2 protein chains.
Amino acid sequence: MNKSVNSTQLKKIIREIGVKVTRQRLIILENILTGDEHVTAQAVYESIRHIAPDIGFATVYRFLRTLCDHKVLTEVRMRGLPARYEWAQKKHHDHLSCVRCKCIYEFENEQIEALQIEIAKKFGFKLTEHILELYGVCSKCQIEQNIPKEVSTPLQTSHVAQL
Amino acid sequence: MNKSVNSTQLKKIIREIGVKVTRQRLIILENILTGDEHVTAQAVYESIRHIAPDIGFATVYRFLRTLCDHKVLTEVRMRGLPARYEWAQKKHHDHLSCVRCKCIYEFENEQIEALQIEIAKKFGFKLTEHILELYGVCSKCQIEQNIPKEVSTPLQTSHVAQL
DNA sequence: ATCAAAAGTGAAAGTCATTATCATTTGCAA
DNA sequence: TTGCAAATGATAATGACTTTCACTTTTGAT
């Protein structure tokens, strides 16, 4: 990650969704842009604390919601876990997550997409969204099965693959 | 629904998962067996109240969890909504839900299942589970779009279709 | 630049679904 | 029948948000 962004770009994004440009929004947005993918609201809040300890978590949650409402971000809810946020990409993709180390991979599959549309049509539904989540044990965790499960913060890795 | 069940059958199910047979478990289990599909823990709790007001919701939640752990029930989590429970069926299926009236339909699709396994394999994952949820507007709600959204308890209908 | 209206903010309280605690009760194997 | 692990229910706690509200900031119009 660690892309560099200038505040002009950030301001543009904020203005385009029709809300006011504030210091807190710039900081939050920059953090999301330059930080890890698949972050939780808590993670953003904590990651921002050292640079701007005055920003409340309500503001983080609120802005994250706003960004989702305007399709700048996409909310990813895996299981009952806290929501994670990622940049809304042109290309749709789904997620594959390890139940042990919680790492997340992304994948795309046109065939499945097409089949979903077909199914919705058969039920007379106007499809607005879908969620496809695969859960399993990643290759690394299959090997380390004997090692006790980690207790620390789960590592969030991310990759995209075209299948 | 309204299948009739005798307590011998219920007791058998409870004993088979290796826990004690209690009055509350019999009542909860009968309620799930004879009641609606896709019920929430709250719904079970409330539905039971008039016949056994002494059963606490902790007991309902606990037993529902136990039933899930032993594959008697399956937990279905759509979006951030409360978990719903359904009988674990031999045949796997996925869900299609209306974002407006919250009705749930079930469907099966072998092709998608096969593709999922293939994707997991490509990532070196040992697939343990998957979630495929389609969200949209059902045919009924497409027609009633002009009528203000209902405020009362959403109707839960359920169907299975083989595609 | 100034200024008021509207929008945004932070702290704290509130929700909602679910889980944990713990003193008491109950199922059931011996 | 009895001993005791398992189960229960009341209540408190938790986690992830969301709402409220008094105060602050942005911004478009002047």
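Visitor: Which kind of oxygen of DNA strand C is 2.8 Å from an N or O atom in the side chain of A:Gln24?

Guide: A sugar or linking oxygen of DNA strand C is the partner of the A:Gln24 side chain, at 2.8 Å. First, some ground rules. This is a predicted model, in which local features need pLDDT of at least 70, side-chain atom pairs count only at pLDDT 80 or more, and totals for chains, interfaces and linings use all residues. Residues are numbered from 1 along each chain as its sequence is written, chains are lettered from A and ligands numbered from 1 in the order in which they are written, and side-chain values use heavy atoms, with hydrogens and water left out.

Back to the DNA. A:Lys20 also has a polar side-chain atom 2.8 Å from a sugar or linking oxygen of DNA strand C. A:Arg62 reaches a base instead: an N or O atom of its side chain is 2.8 Å from a base nitrogen of DNA strand C. Helices (H or I, at least four residues) and strands (E, at least two) are DSSP runs, numbered from the N terminus. H4(B) gives the most to this surface, with five residues.

Now take the whole surface. A residue is near a strand if one of its heavy atoms lies within 4 Å of it. There are 21 residues around DNA strand C, and A:Thr22, A:Arg25, A:Thr59, A:Arg62 and B:Ala83 come nearest. On the DNA side, 73% of the atoms within 4 Å of the protein belong to sugar or phosphate, and the rest to bases. By class, the surface has nine nonpolar, four polar and eight charged residues. Here Ala, Val, Leu, Ile, Met, Phe, Trp, Tyr, Cys and Pro count as nonpolar, Asp, Glu, Lys and Arg as charged, and the others, Gly among them, as polar.

Helix H4 of chain B leads us on. B:Arg65 forms a salt bridge with B:Glu75, and their closest N and O atoms are 3.1 Å apart. The pair links distant parts of the chain: B:Arg65 is in helix H4, B:Glu75 is in strand S2 (residues 73-76) of chain B, and they are 10 residues apart. A salt bridge is a side-chain nitrogen of Lys or Arg within 4 Å of a carboxyl oxygen of Asp or Glu. Side chains of opposite charge can pair when their charged atoms come close. B:Arg65 is partly exposed, at 41% relative accessibility, and B:Glu75 is partly exposed too, at 27%. Buried means under 20% relative accessible area, exposed over 50%, and partly exposed in between (1.4 Å probe, protein chains only). In chain A, the salt bridges form a network that links A:Arg65, A:Glu75 and A:Arg77.

Some salt bridges stay within one helix. B:Glu16 pairs with B:Lys12, with closest N and O atoms 3.7 Å apart. Both lie in helix H1 (residues 7-16) of chain B, four residues apart, about one turn of the helix. B:Glu16 is exposed at 58%, and B:Lys12 is exposed at 52%. Over all chains, the search finds 10 salt bridges.

Next, the two chains together. The contact takes 39 residues from chain B and 39 from chain A, where contact means heavy atoms within 4.5 Å. Together they bury about 3,500 Å², with 71% of it on carbon and sulfur atoms. B:Ile119, B:Phe123 and B:Phe125 supply 20% of the area that chain B buries against chain A, more than any other three residues. Buried area is the accessible area (1.4 Å probe) that two parts lose on being put together, summed over both.

The count of salt bridges between chain B and chain A is zero. Polar contacts do cross: the rule finds 12 residue pairs (both at pLDDT 80 or more). S6(B) gives the most to the side of chain B that touches chain A, with 12 residues. A polar contact is a pair of N or O atoms within 3.5 Å; within protein, one must be able to donate a hydrogen and the other to accept it, and residues adjacent in sequence count only if both atoms are side-chain atoms.

End with one residue. B:Glu133 sits in strand S6 of chain B. B:Glu133 is buried, at 5% relative accessibility. Its side chain makes a polar contact with the side chain of B:Tyr135 (2.6 Å). Not counting residues up to four places away in sequence, B:Glu133 touches residues of both chains, including A:Glu129, A:His130, B:Arg77 and B:His95.
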